[in-house]
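Colleague: Walk me through this one, please. Start with whatever terms I need.

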Amino acid sequence: MHKHDLGQAARKFAKVCEILEKYDYKSDKLVPILQAVQEEYRYLPEDVLAFIATTIDISPARIYGVATFYSHFALEPKGKYVVRVCDGTACHVKGSNPLLSEIRNRLNLPKGKTTTPDLLFTLETVSCLGACGIAPVVVVNEEVHPLMIPGKTTKMIDEIMEKERVCDEQFA
Amino acid sequence: MNSLLDLNAIKTDYQNRAKNVTRRIIICAGTGCMASGALKISNEFKRVSTLMGVHIETELKKEENNYNLLTGSGCQGFCQMGPLVTIEPEGIFYVKVKPEDVSEIIIETVLNGKPVERLLYKGNISGKSCKTQQDINFYKKQTRKILADCGNINPEDIEEYISRGGYEAAQKAVTEMTSIDICREILNSGLRGRGGGGFPTGRKWLLAQKETNDKKYVICNADEGDPGAFMDRSVMEGNPHSVIEGMIIAASGIGADEGYVYVRLEYPLAVRRIKKAVEEATKLGILGDKIFGTDKRFTIHVMEGAGAFVCGEETALMASIEGKRGMPNPKPPFPAQSGLFGKPTIINNVETLASVPGIIKNGAAEYRSIGTKESPGTKTFALTGHVVNTGLIEVPFGTTLREIIFDIGGGVTDDEGNLDPEGFKAVQIGGPSGGCLTAEHLDLPLSFDSLISIGAMIGSGGLVVMNKNTCMVQVAKFFMQFTQNESCGKCVPCREGTKQMLSLLEDITEGDADEHTLEILFNLGLAIKKASLCGLGKTAPNPVLSLLGYFREEIETHVMQQRCPAKKCKSLLTPVVIEEKCKGCGLCIKKCPVGAIAGEKKQPHYINEALCIKCGACIEACRLDAISEGV
C-alpha cells in the first residue's frame with residue numbers, strides 16, 4: 001500500500017478508532033460499538049466492520065452475525081430522513097397500513113426497496129414506539145408525528161422535499 | 001469511618017425551598033405530549049411570562065420568594081388529550097393546550113387561581129367540565145401506586161424524588177437489613193414479575209442470594225417490545241429514580257455490585273431520562289463505590305437494545321449485553337445460578353423493580369392489602385385501540401375488564417372514534433403472547449392465574465380494545481406476522497412453525513382454506529407451544545389458539561362460506577354495484593382487468609361473480625361511489 005493510501009485509510013478509520021477507544025476495545029461492547037458506528041456513517045460499511053473485527057480480535061463472521069441479527073443495523077446506506085411508520089397493535093387497528101402505502105406511493109418506492117435512489121428517504125416500519133395513546137404514529141428521524149391520517153402523511157413528505165429543494169437551490 | 005448520606009437534610013432543604021413557590025405549572029413531557037407540542041407550550045410560558053413581567057422560574061431557588069415554578073413531568077397517562085398542563089396547588093388540569101392559550105392561563109390561573117373553563121376536560125357523556133384530575137373518571141377509578149409520582153414530579157430532579165421519601169427504602173436496605181431479610185420481605189409481599197410470566201420475585205432473588213460468587217449482577221429488563229404496551233416506557237420517563245432504587249435494593253438483596261438497564265432504542269426519551277437519573281444518583285453517592293456512605297459498591301450501566309423483540313427474553317437479553325446475537329439459551333441453568341458472563345444474575349422488569357421500594361418502606365403486609373391473594377398489588381395497563389380514553393392506567397389486581405374498559409376507558413368507539421355502546425367485540429391482552437377475551441370475560445377479575453385458566457396471559461399489560469368492525473382472523477394474522485418476523489431462528493418449532501401458521505392464516509383470509517385448515521392450525525399451535533425453546537415460541541400460538549376457541553364461528557364463516565363478517569378480508573369480498581347510485585358510465589367496465597362487469601350505457605351495471613377476481617379496481621375507478629366492497 002502506498003503511503004498516501006495509508007494516510008487516507010487512517011483518516012477514514014479515525015472516527016472508528018475513537019469509538020473503539022471509548023469502549024476499551026472490548027468485544028462484549030460490540031452492540032454499542034456498532035450503534036456508534038452507525039450513528040456516524042448512517043449504516044455499517046463492510047470495510048469498517050472488517051477493520052473492527054481485526055482490531056478487537058473477533059472473526060468478521062461474528063460481527064456480520066450480530067449486524068444482521070438486530071433490525072436497527074443497516075448494511076446499506078439509509079436515507080437522510082428515516083421515516084418509520086409504527087405498526088404496533090394500536091397503530092395497526094387504527095390504520096397504519098394505508099399510511100404506509102401512501103408514503104410508499106409518494107416516494108415512488110418500488111417493491112422490495114426501502115430507500116429512495118437519491119438517498120433522501122428510507123421508509124421502515126417499527127413494531128411499537130410506545131406512543132399508542134396517540135396512534136397511528138409516524139416518526140421522521142426523532143420527530144414524532146401523532147394521530148396521522150392519509151393526506152397528512154403526503155403533506156409531511158412534501159414539506160420535507162420542499163425544504164430540501166430550497167436548500168439545494170441555495171447551494172446552487 | 002464514613003458518614004452516612006443524610007437524605008433527610010436534602011428532603012428538608014427541598015421542602016423549605018418549595019414553600020416559597022406560589023404556583024407550580026406542570027407540563028406533561030411524556031412521549032405522547034411531546035409529540036403533541038408540549039415543548040412549544042413550555043417555551044411559550046417562558047416567553048409570555050417575561051413579556052408580562054410574571055415571575056416564573058424553571059428550578060427551585062434558594063433565596064427567592066413568591067415566584068412561580070415551571071417544570072416538566074413524566075407521562076400522566078392521558079396521552080390522547082395532550083398536551084396536558086396542571087397548575088398546583090389547586091390541581092387545575094388543562095387538556096389539549098395550544099400556545100395561544102398560554103397568556104390566558106397565566107392571567108386567570110397562575111396569577112388569580114381561577115380555572116379557564118374552555119380548557120378543562122369535558123366528560124364525554126355528561127359534558128360536565130372537570131376541574132382537577134380527580135374529577136375525571138379516567139383518573140378517579142384508578143389506584144395509582146407505581147404511577148403515583150409519574151406525572152407529578154420532575155423526573156430530571158433527584159432532589160424532588162428524595163423530598164417525597166425517595167431512596168429511604170434503599171438506604172434502609174443497604175444500611176439496616178441483611179440480604180436474606182430483604183429477599184424474605186419481597187417473598188412475603190407476594191410480588192410477582194410484571195414482565196409477563198408472573199414468577200414470584202422473592203423466589204428469584206433467594207435463588208441468587210444463595211449462590212456464593214465474587215460477582216453478581218442485577219439487570220433491569222426495559223426491553224418492552226410487546227406492540228401496544230408502553231407502561232415501562234412511562235415509568236422510566238416519569239419516575240426513573242424509582243427503578244434505580246428498586247435495583248439498589250435488589251443488589252443488596254443478592255449481593256451484587258454491578259447492574260445493567262437494558263432499554264429499547266425505540267424509547268429515546270426513556271434512555272435519556274434513565275441515563276440522567278443514574279448520573280445524578282452517582283453524583284450524590286447513592287450509586288458508586290460507597291453507596292449511601294457505606295463500603296458497599298453498586299454501579300449501573302445503561303445499554304440500548306438494537307431492535308430485536310426476542311431480547312426481552314432474559315437469556316437472549318444477556319447474550320445481547322455480552323455482545324452476541326440476542327438468542328435465547330435453554331434453562332436450566334437459570335440466570336440466578338449462571339447468568340450474565342456466567343455469573344449469578346437476576347433480571348427484573350421495570351415495573352417489578354419500581355414496586356420494590358414501596359414494599360421495603362411500608363412492609364409486605366401493607367403491599368398485600370391491595371389486589372388478590374395470589375396476585376397482590378396493582379398492575380399498570382396500556383389501554384389502547386377502539387376505546388374513548390386511551391392511555392396508561394393502574395388498577396389493583398382483581399379489577400374486571402368491564403371496569404377498565406367502560407368506567408376508566410369510557411366505553412368502546414366505532415371506527416370514526418364516536419362512542420358506540422353496542423360496539424364491544426373483544427379485547428386483546430398480553431400482546432403477541434396473550435389472547436383475545438370476549439364479552440363473556442368482561443366480569444372476570446384480572447389476575448395472573450385467572451387469565452392463564454382461560455388461555456390468555458397478563459403479559460406485560462397491553463390491552464387493545466377492538467370494536468365489532470374488527471376481523472379477528474386479521475388480528476391473529478397480525479400477531480403471527482409479528483412473532484414470525486421476530487423469531488430468532490434458533491429452534492425449529494418456532495422458526496418454521498410460526499411460518500406455517502402464518503401461511504395457514506393467509507389461506508383463510510385469501511379464501512384458499514378448506515375443512516382441514518383449522519385442525520392443522522390447532523395441532524401445529526399445540527406442538528409449537530410444547531417444543532419451542534423460549535417464551536417467545538412457547539406463547540406465539542396463543543393469539544391463534546384463543547381465536548380458535550372464542551371466535552370459532554367467525555373463523556368458520558371465513559373457511560366454509562368464504563365470507564368475512566367484518567368485511568376486512570378483501571379477497572373474500574365480491575364488489576357489488578349499488579343500483580341507485582350507478583349512472584351507467586362504463587368506466588368500471590373499462591377498468592376491470594378480467595371483463596367481469598357488463599351493462600347497458602346509462603343503465604346500472606352488474607358484476608359477474610364467477611369471473612370477478614376481487615381486485616378492487618372497479619371500486620377505485622368509480623367516481624360516484626356506486627360500487628361497494630360487497631359482502
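Modeller: Two strands pair if DSSP finds at least two bridges between them. Helices (H or I, at least four residues) and strands (E, at least two) are DSSP runs, numbered from the N terminus. This is a predicted model, in which local features need pLDDT of at least 70 and side-chain atom pairs count only at pLDDT 80 or more, while totals for chains, interfaces and linings use all residues. Residues are numbered from 1 along each chain as its sequence is written, chains are lettered from A and ligands numbered from 1 in the order in which they are written, and side-chain values use heavy atoms, with hydrogens and water left out.

Colleague: What ipTM and pTM does the predictor give the complex?

Modeller: An ipTM of 0.87 and a pTM of 0.91.

Colleague: Chain A, then. How many helices and strands are there in chain A?

Modeller: Seven helices and four strands. Read from the N terminus, the order in chain A is α-α-α-α-β-α-α-β-β-β-α. Along the principal axes, the C-alpha atoms of chain A fill a box of roughly 55 × 45 × 30 Å.

Colleague: What share of chain A counts as buried?

Modeller: 45% of its 172 residues. Buried means under 20% relative accessible area, exposed over 50%, and partly exposed in between, with a 1.4 Å probe and protein chains only.

Colleague: In what order do the four strands of the chain A sheet run?

Modeller: β2-β1-β3-β4, as an open sheet with mixed pairing. β2 (121-126) and β4 (143-145) of chain A are its edge strands, each pairing on one side only. On average, neighbouring strands of this sheet are turned by 20 degrees against each other, direction ignored. Here axes are lines fitted to C-alpha atoms, for helices over the stretch in contact, and angles run from 0 to 180 degrees between N-to-C directions.

Colleague: How do β3 and β4(A) run, and over how many bridges?

Modeller: Strand β3 (residues 138-140) of chain A runs antiparallel to β4(A), with three bridges joining them. A:V139 has A:V144 in β4(A) as its bridge partner.

Colleague: Which strands does α6 of chain A touch?

Modeller: Helix α6 (residues 96-106) of chain A packs on the sheet and touches β1 (81-86), β2 and β3 of chain A, and its direction makes about 155 degrees with that of β1(A). Helix α7 (residues 152-171) of chain A also packs on the sheet, touching β1, β2, β3 and β4 of chain A, at about 175 degrees to the direction of β1(A). Contact means heavy atoms within 4.5 Å.

Colleague: At what angle do α2 and α4 of chain A pack?

Modeller: About 70 degrees, between helix α2 (residues 30-41) and helix α4 (residues 60-69) of chain A, with the axes 11 Å apart. α2(A) and α4(A) are therefore roughly perpendicular, a label for 65 to 115 degrees; under 35 counts as roughly parallel, over 145 as roughly antiparallel, and the rest as oblique. A:L30, A:V31 and A:L34 in α2(A) meet A:I63, A:V66 and A:A67 in α4(A).

Colleague: Over to chain B. Is β14(B) mostly covered or mostly open?

Modeller: Mostly covered: six of the six residues of strand β14 (residues 424-429) of chain B are buried. Strand β16 (residues 462-467) of chain B runs antiparallel to β14(B), joined by five bridges, and B:F424 stands opposite B:N467. Strand β15 (residues 435-438) of chain B is also antiparallel to β14(B), with four bridges; B:A426 has B:T438 as its bridge partner there. In the hairpin of β14(B) and β15(B), with five residues between the strands, B:G430 takes a positive phi near 85 degrees.

Colleague: And where is B:G398 found?

Modeller: In the loop between β13 (391-396) and α16 (401-408) of chain B. B:G398 counts as partly exposed because its relative accessibility is 26%. Leaving aside residues up to four places away in sequence, B:G398 touches B:T372, B:P445 and B:L446.

Colleague: Why is β13(B) largely enclosed?

Modeller: Because six of the six residues of β13(B) are buried. Strand β12 (residues 378-385) of chain B pairs with β13(B) in the antiparallel sense over six bridges, and B:T378 stands opposite B:P396. The hairpin that β12(B) and β13(B) form has five residues between the strands.
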